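Reader: Could you walk me through a few local features of this one? I'd like to start with the backbone and then move on to the strands and the rings.

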Amino acid sequence: MKKILTMLLVAILAISFAACGEKKDSIEGTWKVEFIEYEGSKFTITEWNNMEDEDFTNFYIIFKEGGKAYIFDGEYDDLVDWFKTEDCIVLDGEQLTFVDEKLCLDDGYRLKLYLIKTSDSQEIPKKTEEPAATAQATATAQATATAQATATAQATSQPINNNVNTTEKSDWRQFLKDYEDWLINI
């Protein structure tokens, strides 16, 4: 009886030690911005979005096994390399440090993003298309604007030109794309 009780206690202790052993800190998974620090002051995402043009609501990083990470800022995405060192995570050449179990992404100037792990999932979500309601509202607004322009032109007997800004809009979009590409390559 004593032998059985002794073996049972040894087994319980072995399981307890295994359960209380050193936990593996898993970086893999989805990390989202919890708060933003600017020149030493902390701001919630809502506060920051109310003050600035940058919107970090949809910013996240998915660390994948094998050394790749998917970064999405709500509009643009990128697949980059990452690895863990003793002190930090190196993400596409940038160092992210751990602060109170959060990853800190420091821009090197005045802005720091603090990210928390929200999920162990490494699945990259499907990009969503423009919702049907938004597309319908846009089409309705365009039809209303065309109808108003037609009515105004008829009232003033001026010719109608529905394509007046098409070239200017495409030139502007190309300019913005070139500017964003230039910023990325700086």
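Reader: Where is glutamate 101 found?

Author: In this predicted model, glutamate 101 is found in the loop between strand 7 and strand 8, the latter covering residues 102-106. Its phi is positive, at about 65°, although glutamate 101 is not a glycine.

Reader: And is glutamate 101 buried or exposed?

Author: Glutamate 101 counts as exposed, because its relative accessibility is 74% and the cut-off for exposed is over 50%.

Reader: Which phi value does aspartate 92 have, and where is that residue?

Author: The phi of aspartate 92 is near 55°, again a positive value in a residue other than glycine, and aspartate 92 is found in the loop between strand 6 (88-91) and strand 7 (94-99).

Reader: Switching to the strands, what does strand 3 pair with?

Author: Strand 3 pairs with strand 1 (residues 29-38) in the antiparallel sense over 4 bridges, and with strand 4 (residues 68-72), also in the antiparallel sense and over 4 bridges.

Reader: Which way do the side chains of strand 3 point?

Author: Tyr60 and Ile62 point one way from strand 3 (residues 60-63), whereas Ile61 and Phe63 point the other way, and all of these residues are buried.

Reader: How many residues lie between the strands in the hairpin of strand 3 and strand 4?

Author: That hairpin has 4 residues between the strands, and glycine 66 in the hairpin takes a positive phi near 95°.

Reader: On to the rings, then: how many aromatic pairs does the structure hold?

Author: The structure holds 8 aromatic pairs. One of them is formed by tryptophan 31 and phenylalanine 63, an edge-to-face pair with 6.4 Å centre to centre and 90° between the planes. This pair links distant parts of the chain, with tryptophan 31 in strand 1 and phenylalanine 63 in strand 3, 32 residues apart.

Reader: Why do tryptophan 31 and phenylalanine 63 count as buried?

Author: Tryptophan 31 counts as buried because its relative accessibility is 4%, and phenylalanine 63 is buried with a relative accessible area of 0%, where the cut-off is under 20%.

Reader: What about phenylalanine 56 and phenylalanine 59?

Author: Their ring centres are 6.1 Å apart and their planes lie at 80°, so that pair is edge-to-face. Phenylalanine 56 and phenylalanine 59 are both buried.

Reader: Which residues form one aromatic cluster?

Author: Trp31, Phe63 and Trp82 form one aromatic cluster.

Technical notes: Residues numbered from 1 in each chain as written. Predicted model: local features only at pLDDT ≥ 70, side-chain atom pairs only at ≥ 80, totals over all residues. Heavy atoms only, no water. Buried < 20%, exposed > 50% of the residue type's maximum accessible area, 1.4 Å probe, protein only. Helix = DSSP H or I, 4+ residues; strand = E, 2+ residues; numbered from the N terminus. Pairing = 2+ DSSP bridges. Phe/Tyr/Trp six-rings, centres within 6.5 Å; stacked < 30°, edge-to-face > 60°.
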